Amino acid sequence: MDQAAPAADRPWLFRTYAGHSSAAASNALFKANLARGQTGLSVAFDLPTQTGYDSDHALAAGEVGRVGVPICSLADLEPLFEGIPLAAMNTSMTINATAPWLLALYIVAAERQGTARAALAGTVQNDLLKEYLSRGTYMLPPEPSLKLTCDVIAFAAAEMPKWNPINVCSYHLQEAGAMPVQELAFTLANAIAVLDALRAGGQVAPEALAEVVGRISFFLNAGVRFVTEMCKMRAFAELWDEITCERYGVADPKLRRFRYGVQVNSLGLTEQQPENNVYRILLSTLAVVLSKSARARAVQLPAWNEALGLPRPWDQQWSLRLQQVLALETDLLEFEDLFDGSPVIAAQVAALKEEARGELARIEALGGALVAVDVGYMKQQLVESGAARLAAVASAAQKVVGVNCYCDSEPAALAAEGGYLAIDPGAEAEQIARLQAHRAGRDAAAAAAALDALRAAAREGRNVMEPSIACARAGVTTGEWGQ
């Protein structure tokens, strides 16, 4: 008699990282991707929005809508999700310095759709410590930044049970040069700093800390060395279980579960012979889906042409189809973990964990991640690792096909006519005009009163989320909130 087929694991969330030009253009892209089978949204914001500037600020010139969607107020966020029921959507927002503000806008946009904040599902990245180590899109020094991070987590723990209030993020650490051990140690050290601050800050009751730990999520990166990367994911899961049990006394193994989403490595994509990036993306994806015990619960893939420019809708569709083929056509989800019991995998995971524990001990001896960021220790380690990686590629010690070996190539048919999306040159002026019309049409007194209440909350050390939500309702802008 044939054995019964094993129960299939549910597929991960299928996402693409998207947003550009304007709320209306991004909304059209979201709807097209959802119609093609995407099961969650991942919003890219432009640099002014990420750093707390309005689109008409002098420092925003030339950056409006370039690498993401510009959001200056509720007048932008509502059109971004027009026709998309937020009650049924899982939305990830890659936002850090202005995370409290974008979450406040999202809450009010949902209210206007008739959806209560408690029903919303999704994530704000909200990891400011890694911004000092990699990207630099911060507004405030590390200590007040950590306070804002904790405000969002404490608020979501009390008000938004389905929301992940932080994605502790190693993605940009790898892009900045981190080796696997540094990714493990620095990311976990940042998570420890956040949980220690929450425990000491009084916003979360001691008996509620375990539930908060259960809402912490991570956003990771996986490169093309997929065996090492898969072992890194297993090491993350085992170390997080260890830390949350021993340091924070979390008894429920479900609350100690390492929950993560991933975008596979964009830094490894090449401008030369860009068609080869399709294989790189696939191999990197295998690192985060092959091992069931450390499988990502949400995956967003870059497009093959991201080294050239913004992907077109078809390019994003191609990356989405890769996920769908893996999850729906193969038998990957029908089996238990393929690597349990492998001595090779066990040895590699054990070695990564041992080295990561040593690095964590060094950071702890400095006074924790907040101090290690302040004194430049972690940044210096990333700079050295990044420089070594660049030198290895330049010398061809690290092979990159089409870049430092096998460089002869036929013309790339996929890259004809530029091979990427060109931004509408009039998009910035149109966004500025919309912003100025919004300011002119709002109740100026209500906006000023809401900002006064926000200032008072910040000065007094209170949680800024409810005053930020009031600002969103009053038509306050991103730049006003940031200032």
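Here is a short walk through the structure, one selection at a time.

This is a predicted model, so local features need pLDDT of at least 70 and side-chain atom pairs count only at pLDDT 80 or more, while totals for chains, interfaces and linings use all residues. Residues are numbered from 1 along each chain as its sequence is written, and side-chain values use heavy atoms, with hydrogens and water left out.

**Stop 1: the five-stranded sheet**

Select β2 through β6. They form an open sheet of five strands in the order β2-β3-β4-β5-β6, with parallel pairing. Its edges are β2 (17–18) and β6 (163–164), each of which pairs on one side only. Strands here are DSSP runs of E with at least two residues, helices are runs of H or I with at least four, and both are numbered from the N terminus. Two strands pair if DSSP finds at least two bridges between them.

Now zoom in on β3 (residues 41–43) and β4 (residues 90–93), which run parallel and are joined by three bridges. Pick Val43 and you'll find its bridge partner in β4, Met93.

**Stop 2**

Move on to Asn96, in the loop between β4 and α4 (99–113). Is Asn96 buried or exposed? It counts as buried because its relative accessibility is 3%; the cut-offs are under 20% for buried, over 50% for exposed and partly exposed in between (1.4 Å probe, protein chains only). Show its side chain, which reaches the backbone nitrogen of Asn126 at 3.3 Å.

**Stop 3**

Next, select β9 (residues 260–263). Tyr260 and Val262 point one way, Gly261 and Gln263 the other, and all are buried.

Phe218 stands opposite Tyr260. To get from β8 to β9 the chain passes through helix α10 (residues 226–246), in a right-handed β-α-β crossover. Right-handed means that, with the strands pointing away from you as viewer, the path from the first strand over the helix to the second runs clockwise.

Then bring in β10 (residues 298–300), also paired with β9 in the parallel sense over three bridges. Here Gly261 stands opposite Ala298.

**Stop 4: a tryptophan on a helix**

Finish at Trp314, in helix α12 (residues 313–329). Trp314 counts as partly exposed because its relative accessibility is 44%.

Key:
A polar contact is a pair of N or O atoms within 3.5 Å; within protein, one must be able to donate a hydrogen and the other to accept it, and residues adjacent in sequence count only if both atoms are side-chain atoms.
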